[in-house]
Structures are given as C-alpha cells and as structure tokens.
Amino acid sequence: MGAVHINAKDIHYTQLNEQIRTIVARGGKEIILDNILGQRFIGDGLRGDDVTITINGVPGGDLAMFMSGPTIIVHGNADHAPGNTMDKGAVIIHGSAGDAVAHSMRGGRIYVRDNIGYRGGIHMKQYKGKRPILVVGGSAQAFLGEYMAGGLLIVLGLNDAAPVSERGVGSGIHGGEIIVRGEVEERYLGTGAKQEPLTSEQRAEILPVIEDFARVFTIDKEPLLAADYSRITAAHARPFANKYTWE
Amino acid sequence: MSIGSTPLKFRVTIDPERCMNCGRCVENCSYGVFRKEGDSIRINSRNCAACHRCIAFCPRDAIEIEEQPGDYRSHPVWTREVREAIFNQARTGRIILSGMGNAKPYPIIFDQLVLDACQVTNPSIDPLREPMELRTYLGKKPASLSLRPLPDGEVELRTKLTPNLQIETPIMIGHMSYGAISLNAQTALAKAVSRIGTFMGTGEGGLHESLYPYQDHMIVQVASGRFGVDINYLERGAAIEIKIGQGAKPGIGGHLPGDKVCTDISCTRMIPEGSDAISPAPHHDIYSIEDLKQLVRSLKEATEWKKPVFVKIAAVHNSAAIAAGIARSGADAVVVDGFRGGSGATPRVFRDHVGIPVEAAVASVDAKLRDQGIRNEVSIIASGGIRESADVAKIICLGADAVYIGTSALVAMGCRVCGTCYKGTCAWGIATQKPELVQRLDPETNAVQVENLIHGWTLELAELMGAAGINSIESLRGNRDRLRGYMLDEGLLEVLDVKTVGA
C-alpha cells in the first residue's frame, strides 16, 4: 500500500483515528493527513513501529498520547502535551508546541523545532531499554523538566533567546537530565536541581542526538556541536527522603 | 535526648503457665518483639505494633497485649497522640507519616442513620422465596430512548448505548496498588472478585502479568505519576479510573520510597529499581475541568470508546460542584472517597484533618446531579470507611450506585488495622514486599475469605432490602425515605435530605 491521504477537513478526531487505525490494520505504512485543524488525540494509543503519519496543519492537544511505535511529523505547530505518556515512536514538530510537552513520556523521541510552553518534559521517566528524548530547538518556559524521573531533555535556544529564562527548572527532579546550550541562571533552578558543565563523556553522549535533530530540521549542526552545554540533574537522588518521620 | 523515651504503646506478656516455649511468636513477629534466649522467650514490648500475629498463632493463648499500660497524666486537650506527635516533630522536624484511615474520633454518620422495615401496611419480601435484584450497571444511562418498530413486530433500539460495567453485587474492591499491598494480597482479591462477578482496582502500580487472567475484573488506574500506564495496560482493564484524589490524603500526591521499589514492582510500575515513585499532587495535564474532559476523552479514544472511564475524587467541601463538572467531562462514574478512606502511608495531618465524610459527600453529589438533570450521566461509587453491609445499604439510600471496600477486604485477609502499613513489615503478608512475609498470605485461602465476606454482605443487603419491601437495588438507590437520622443536627439532616427518627 502506498501513501494514503486523508482530507481531515471537518472530520471529528474519533472518525479520523478510526480511519488511521483501519489503514494501519490493512498494512498502510504511510499516512498523510491534510487540513488538520485542531483535532485532538491524533495517533492516541496507536501501535505500528514502521508507520509514519504526516500532519499538514495544526493538530490539537494530546497528539500521540499513549502512542507506541509510529512516527508523526507535524508541518505546523502543536497544541499542549504532544507525546503525553508516550511509550515508543517519534514526534517531529516543524513549529512550536504548547504546555506539558512529553508529559510522563516513557520512551521514544520528540523533536520540537521552535519553542515549547510551560512544564515541558514534566515527569518524563525511563525504564529498562526505554529512555525518552525531548529536544527543543528554541526556548522553553517555566517548570521545564519538573518532577523529571528519567530521560533526556535538551533545549538549544536557537531563536536568539536563552533556552530557558523562567523559574522552576528541574523542580523536584529525581532522575534523568536536562541539557541546555549555554547555562541557566542559577536563580531559575527549581528546588532539588543542580547545574554542572558537561563532562566530555556526557558531551559525547548527547552530540549524536543534537546532530540528528539538526539533520531532521536541516539546521547547520556545526555551531551546535561546538557550543558549550550545561547539565541539570537531581541534587539528591531521593529529594523527598528527609521529609517524613514515622508516626 | 532531653525528651527521653515515651511510655509504651503496648505491653506484651506471656503467661508462663500457658507458654510451651514453641517459639511460634518468635517466628511470626516481624517487628522484633520476641527473641529466644536459652530456654526462655524474651520480650521487647516497645517494638509491638499490636498486629496480633503472635496472638493468632500462639497455640496456647499464652500471649496478652495490653494497650497503653502506662499512660501520661490524663488531659482532655493534651492527649497522648498530641503529646507524642510533638515529641516526634521536636526530634525530627519532619512530616509525620501514618497508615490506615482517619484515626480521630469524629462521630460516624452511618451510625446515626437507621434503616426502615415494613410492618402491616406493605408486606416485606422474603429473599429466600422472591428474586432480589442486586445486579448493578455502572456507567452512563441514556436520558431517553429512541425506538423504531420493525416490520416483523420487533422493536429496534436506535439509541447508542455506552459501555457499562455489570456487577452482580454493588460491592467492589477499591484501588490498592501493588507496592502498597503485596502481589499475593492482590491475587487473592482478584480471584475473589472474578468469582463473585464484581471488580477491583489496580491502584497506581500497574498490572502485574500474573494478574492478566483476572483482567476482565480489574479497573486500571491512571494517576498523576502515570506509573505502569501504557496502551496495553489500558486495553487490559475492564474500565479505567482516573485518580484525582484520595480520601486519606486529599490534595496531595504520593511518594513510594525507592527502597520499596523491588524488581517486580519496578517491572509493573515501569520505573528503575530503587528509584522513588513520585506521584505529583495534581495531574500536570489537568489544571481545569476542561483539561479533565480532555484526559477522559484521550483514554476513551485510546481504547476506542469500549471502556467506561471513572474519575475518583477525595470527598472535600465542594465535592458536589466538582462532581457536576466530572459528570459533564464525559466520565462514566465518579468515585467519592470519604475522609475515612485508608492508605498505606499518608501524612497524619491529612489523614486526620482534611476532607469530609463520604455520607455527606455522596448525598450532596447525588442531590446536585439530580438538580442539574445529569444524574444519569454518571454512576456514583462511594468509598472510604464502608465497614459492613448496613453501611452499603445506607450509602445506596443516600444516592450511591455501588461501593468500593478497601480496609474491610484486608481485614478479611487477616489485617488487624494496626495502622503500621507504612513500615513495610506487615506480619500478615499484606502491606509488605518482603518475600518471607508475602509468602505467609496464601492467595487461594484468602480469596475464599474475601469472597465469603462479600457474599455475606450481599445476603445481608438482600435481607435488608426485603425487609424494606424492596426487591431491586434500583429502588433502594437514593431512597432517602428508607433512612432516618438519629440524633443528627438539622443542618446535616438537610444535607443528607433525611428526616429525623419519628418523623
């Protein structure tokens, strides 16, 4: 089966997802959704490791929620929480995304070319072979990586703004890492977060991810590979360990 | 140590006349009260949690546990609990963690409500002779039905019905996660609900693969930490429950300490071994009723609209208005968890002081939904402090469709309500992950006990209904006329919409 086009104009998300599921069930590998305008939940709970969905337009919230396998490419902005509780697959956004991007994401990749809203990467986690990656080309707003429990979150600050210049960065972080190009002003770090320069080993680990991001969006990779980065992680492995006493 | 030690909570004694030195107390106590020294058994009463495991297994009834053998100077304001909490916090500067449900002696509304029975003017019904309909359907009911006559004389139902859960008795088992309780305990509960034809909740701990055979009787939970949640988990559950709040700790999240995250729990919750499992206070994709609607719909969309989605809230001051919002979110049931609801570990200050009783919350939720003409949009599940069949009957009269039990089911497996769950050394194999303690709980034996309990309550419920001349649970639901308040104040009678005794 070749690429299947769906004209999504005026189609409700439930019908749209039904059509997508039917195509995938019949062996379709490439689906192109045209005229997407605010439909939520596209690819919600969808399986299929070799399925690619291209979205032309602006999808609504919870894009690729619970998704396990497919790749979704958005030519436009995305609303809040793309990749919410996502398990596997990829979401590539040629634009910006709203709040809570990659909320509780457990696996797969999300690349956002431009900016993201508040609480980006909140409570991302990792488990065994699953380590979610969120890369943001532009900047992020407050509470970036809050409650983060695992995974890799990179913010590149490519739009001439600092990667993040709002409060609560890594607030309550207890696993995973937040990497920013340059550094975050100390006053913006959240409770329980600490910032350090990257070691050369850590740098070697993230550069392939950044290179891939640059390739996907055809951005000049050289300045990114040459830049300095900081790493924000949990100041203590157990941020809540000293909070309680037995009755 | 300027505070010094506090008086013993319990004194354990062994009657030497009766003791035969068998050492079962030493083997059974997981708190380190007993030890064998030569031919005698020595006792350290300070470690005792009053879980009664030793008493239960002493073949000679030789052990006695006395509560508060030496007490402080009595004082009505400065109680023992208050003084000891101050000592504790003066030493540590921390938040006090406690187990089980609310331990304050607030009056229990259930115990001030009485049920009705038929005399002379309408006959009571004998459940032995007449069928009693206890089957309940949880989920949305259509506001109206559209029917079309067919040429062959049959009638076609044109209204699209939404999925409901069918339960054979209005008693389900609430969400106690693998982590809070042991896998053997969960397995016993799963076997029991499968046999009875009712359901249990997984809690926010994922669904262990050994429970897959019982998945048609499991309600899978999606809480703020999203632990163990993936599309497979959602598809396995018979229904999905979004946990917004818990009666034992309204408004706050939960922290399963990393030292309790063993290999198996790590697999089920899908987090690395030894890492803290932190459930944030809010769901960070729900900051409003509109956002809740989005989560409800995302779950339905992910499971192709085949499963009911419940929303659980702690009973708080504005439960009624909140429930009205939930009813409009597309949810199929609202679970109202009262302030007596249990917990494996909760800050004492929340357990004892935050939230309201389930009786008042359910009555006001039911009234609000009826006022707004949306009672059919959601079922109401009551939980938190349901101790006996009479409580089930009374809360159904106040408007609930069904109940969740938690502590009662644990008591059916041996729990003595010692409230020390948070220590992780439950001698009964319930609230522990230590293999040597977990293996004490035989899933099959305990499944039978839990099944017996629910069966016994169901029989009693049928008798209570029959006595009131009611043969269908539908006619009991919201039937406040079959309740009377005994020594309840006017304000509360109004909230419950119940008349006083004698009226």
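**Close-up views of a two-chain predicted model**

**View 1. Strand 12 of chain A pairs with strand 5 (residues 95-98) of chain B in the parallel sense, over 3 bridges.** Here strands (E, at least two residues) and helices (H or I, at least four) are DSSP runs numbered from the N terminus, and two strands pair if DSSP finds at least two bridges between them. Look for A:Tyr244, whose bridge partner in strand 5 of chain B is B:Ile95. This is a predicted model, in which local features need pLDDT of at least 70 and side-chain atom pairs count only at pLDDT 80 or more, while totals for chains, interfaces and linings use all residues. Residues are numbered from 1 along each chain as its sequence is written, and chains are lettered from A and ligands numbered from 1 in the order in which they are written.

**View 2. Chain A meets chain B through 38 of its residues, in contact with 33 residues of chain B.** Contact means that C-beta atoms, placed from the backbone, lie within 7 Å. On the chain A side, helix 1 (13-25) and strand 12 (244-246) each supply at least two residues. That side has 13 nonpolar, 14 polar and 11 charged residues; Ala, Val, Leu, Ile, Met, Phe, Trp, Tyr, Cys and Pro count as nonpolar, Asp, Glu, Lys and Arg as charged, and the others, Gly among them, as polar.

**View 3. Helix 4 (residues 183-196) of chain B is mostly covered, with 12 of its 14 residues buried.** A buried residue has 20 or more other C-beta atoms within 10 Å of its own, with C-beta atoms placed from the backbone. Among the buried ones are B:Leu183, B:Lys191 and B:Ile196. From first C-alpha to last, helix 4 of chain B reaches 20 Å, close to the 20 Å expected, where the expected span is 1.5 Å times one less than the number of residues. Just after this helix, B:Gly197 takes a positive phi of about 90°.

**View 4. In chain B, 8 strands form a closed barrel with parallel pairing, running 11-12-13-14-17-18-20-21.** Strand 11 (residues 171-175) and strand 21 (residues 402-405) of chain B pair over 3 bridges, and B:Met172 stands opposite B:Tyr404 in strand 21. Helix 7 (residues 289-302) of chain B packs on the sheet, touching strands 13, 14 and 17, and its direction makes about 145° with that of strand 17. Helix 10 (residues 358-371) of chain B touches strands 18 and 20, at about 170° to the direction of strand 20. Axes are lines fitted to C-alpha atoms, for helices over the stretch in contact, with angles from 0 to 180 degrees between N-to-C directions.

Terms used
Contact = placed C-beta atoms within 7 Å.
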